[in-house]
Amino acid sequence: MQNLLNAFLVGGLICLFAQILIDKTKLSSARILVVFVVLGAILQSVGIYQKLIDIGAAGATVPILGFGSLLAKGTIEEIKKIGFAGIFTGGVSFGAGGIAAAIFFGFIISLIFNPKSK
């Protein structure tokens, strides 16, 4: 039960921070997404985001900050394994499963709900 509460609190705080940015700044939603991905990567690279993941589990890995963290973590591990080439392959190899799932399920949902172009 404590794990659920921690995930709810961590994820909720991340979403609260995003909502404050939406309400109080003139940043577009695309820019806020970029800020969150970059922030997640920076926090992971300095070792802070992993501690947040340890506390909040899915509450920290599911939001877009978690994607940035995943890219940084993959890049760091691949650099340790294969050297300089890991800069180009690490983020993609670590994020491939999630990206593939998003494409697959997005396609399935588009078949079910018949999306319309804007």
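Predicted model: local features only at pLDDT ≥ 70, side-chain atom pairs only at ≥ 80, totals over all residues.
Modeller: Residues are numbered from 1 along each chain as its sequence is written, and side-chain values use heavy atoms, with hydrogens and water left out.

Biologist: What makes up the secondary structure of the protein chain?

Modeller: There are six helices and zero strands. Helices (H or I, at least four residues) and strands (E, at least two) are DSSP runs, numbered from the N terminus. The order of elements is α-α-α-α-α-α.

Biologist: Why are H3 and H5 called oblique to each other?

Modeller: H3 (residues 48-56) and H5 (residues 64-82) pack at an angle of about 125 degrees, with their axes 11 Å apart. Axes are lines fitted to C-alpha atoms, for helices over the stretch in contact, and angles run from 0 to 180 degrees between N-to-C directions. Angles under 35 degrees count as roughly parallel, over 145 as roughly antiparallel, 65 to 115 as roughly perpendicular and the rest as oblique. The pair is therefore oblique.

Biologist: Which residues of H3 and H5 meet?

Modeller: From H3 come Tyr49, Gln50 and Ile53, and from H5 come Leu65, Gly66, Ser69 and Lys73. Contact means heavy atoms within 4.5 Å.

Biologist: How do you know that the span of H5 is close to the one expected?

Modeller: The expected span of a helix is 1.5 Å times one less than its number of residues. H5 has 19 residues and reaches 27 Å from its first C-alpha to its last, against an expected 27 Å. For H1, with 23 residues, the reach is 32 Å, close to the 33 Å expected.

Biologist: What makes a residue of H5 buried, and which ones are?

Modeller: Buried means under 20% relative accessible area, exposed over 50%, partly exposed in between (1.4 Å probe, protein chains only). In H5 the buried residues are Leu65, Gly66, Gly68, Ser69, Ala72, Gly74, Thr75 and Glu78. They pack against H1 (2-24), H2 (29-45), H3, H4 (58-61) and H6 (86-113).

Biologist: Which residues of H1 are buried?

Modeller: Asn6, Ala7, Val10, Gly11, Ile14, Ala18 and Leu21 are buried in H1. The buried residues of H1 pack against H2, H3, H4 and H5. Across the protein chain, 25% of the 118 residues count as buried.
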